[in-house]
Amino acid sequence: MKLVSWQRALLLWFQGKVEVLEYHSTVARSARQDFPVPSVLRLKRFINNRRFSRVKFCRENVYRRDAYTCQYCGDEFGSKELTLDHVVPASKKGRKDWTNMVTACRKCNHRKANRTPLAANMPLLSEPRVPSWLPPIRSQVRIDSLPESWRIYLQSLDENFLEQITDDISKEFEERTG
Ligand SMILES: [Zn+2]
């Protein structure tokens, strides 16, 4: 299940890649014709979506994977007080990727300095992994504020899925509003 913008929904529909199960009551106007805006789509065939579902490696996403928790002292911080730490230091050829970068508070990062967790005697709280999905940034969107026509499709989904969807909506909203 995936959230797409209404513009992309129209495009996929015109390209014949999806069938429309439900429509919104609003219409999209083009020069020649008005189109009802699709609300729920079904892909006609499976599209290999790996490129889109892979979580982007960036500072904020590492914080999110680690739940904004310093992986050394276990305290929770806001993004501004957090840093990224190379588990194996860059000077020892540690890579900048999901499995070698963790969330650390300034104090712990400073204390660990240019050492491995073992050398610094600072064990990691959890082993850093490549995430397949991320927990939402404190979401502003509530399920009951979603379009009516989506609800029957969302009812059968579990909580993680719902959170992911509301998170997609928040992101979509943030992108549009700047
Ligand atoms: Zn810390």
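Visitor: Does Ala-113 count as buried or exposed?

Guide: This is a predicted model, and Ala-113 lies in the loop between α4 (106-112) and α5 (117-120). Because Ala-113 has 10 C-beta neighbours inside 10 Å, Ala-113 counts as exposed.

Visitor: Where is Asn-121 found, and what is its phi?

Guide: Asn-121 is exposed, since 8 other C-beta atoms lie within 10 Å. Asn-121 sits in the loop between α5 and α6 (151-154). Although Asn-121 is not a glycine, its phi is positive, with a value of about 55°.

Visitor: How far apart are the C-alpha atoms of Lys-56 and Trp-98?

Guide: Lys-56 is placed in the loop between α2 (50-53) and α3, and it counts as exposed because it has 7 C-beta neighbours inside 10 Å. Along the chain, Lys-56 and Trp-98 are 42 residues apart, while the separation of their C-alpha atoms is 9.7 Å.

Visitor: Is Leu-12 buried or partly exposed, and which residues is it in contact with beyond four places in sequence?

Guide: Leu-12 belongs to helix α1 (residues 6-14). Burial requires 20 or more other C-beta atoms within 10 Å, so Leu-12, with 19 C-beta neighbours inside that distance, counts as partly exposed. The C-alpha atoms of Leu-12 and Leu-43, which are 31 residues apart along the chain, are separated by 9.0 Å. Leaving aside neighbours within four places in sequence, the contacts of Leu-12 are Lys-17, Val-18 and Leu-41.

Visitor: How many bridges join β1 to β2?

Guide: Strand β1 (residues 18-29) and strand β2 (residues 34-43) form a hairpin, with 4 residues between them. Within this pair, Glu-19 stands opposite Arg-42 in β2. The two strands run antiparallel, and the number of bridges joining them is 8.

Visitor: Which element gives the most residues to the largest nonpolar core?

Guide: The largest nonpolar core has 10 residues, namely Val-62, Tyr-63, Cys-70, Tyr-72, Leu-82, Met-101, Val-102, Ala-104, Cys-105 and Cys-108. The elements that give two or more residues to this core are α3 (59-65) and β4 (101-105). With 4 residues, the element that gives the most is β4.

Visitor: Which residues does Val-102 touch, not counting those up to four places away in sequence?

Guide: Val-102 is one of the residues of the largest nonpolar core. Once residues up to four places away in sequence are set aside, Val-102 touches Asp-66, Gln-71, Asp-85, Val-87, Leu-124 and Pro-128.

Visitor: What percentage of the residues in the protein is buried, and what pattern does the protein follow along the sequence?

Guide: Of the 178 residues in the protein, buried residues make up 13%. Among the contacts with a separation of 6 or more, 62% are accounted for by residues 24 or more positions apart. The protein has 7 helices and 4 strands, and, read along the sequence, its pattern is α-β-β-α-α-β-β-α-α-α-α.

Technical notes
Residues numbered from 1 in each chain as written. Predicted model: local features only at pLDDT ≥ 70, side-chain atom pairs only at ≥ 80, totals over all residues. Pairing = 2+ DSSP bridges. Core = buried A, V, L, I, M, F, W, Y, C linked by C-beta atoms within 7 Å. Buried ≥ 20, exposed ≤ 12 C-beta atoms within 10 Å, placed from the backbone. Contact = placed C-beta atoms within 7 Å.
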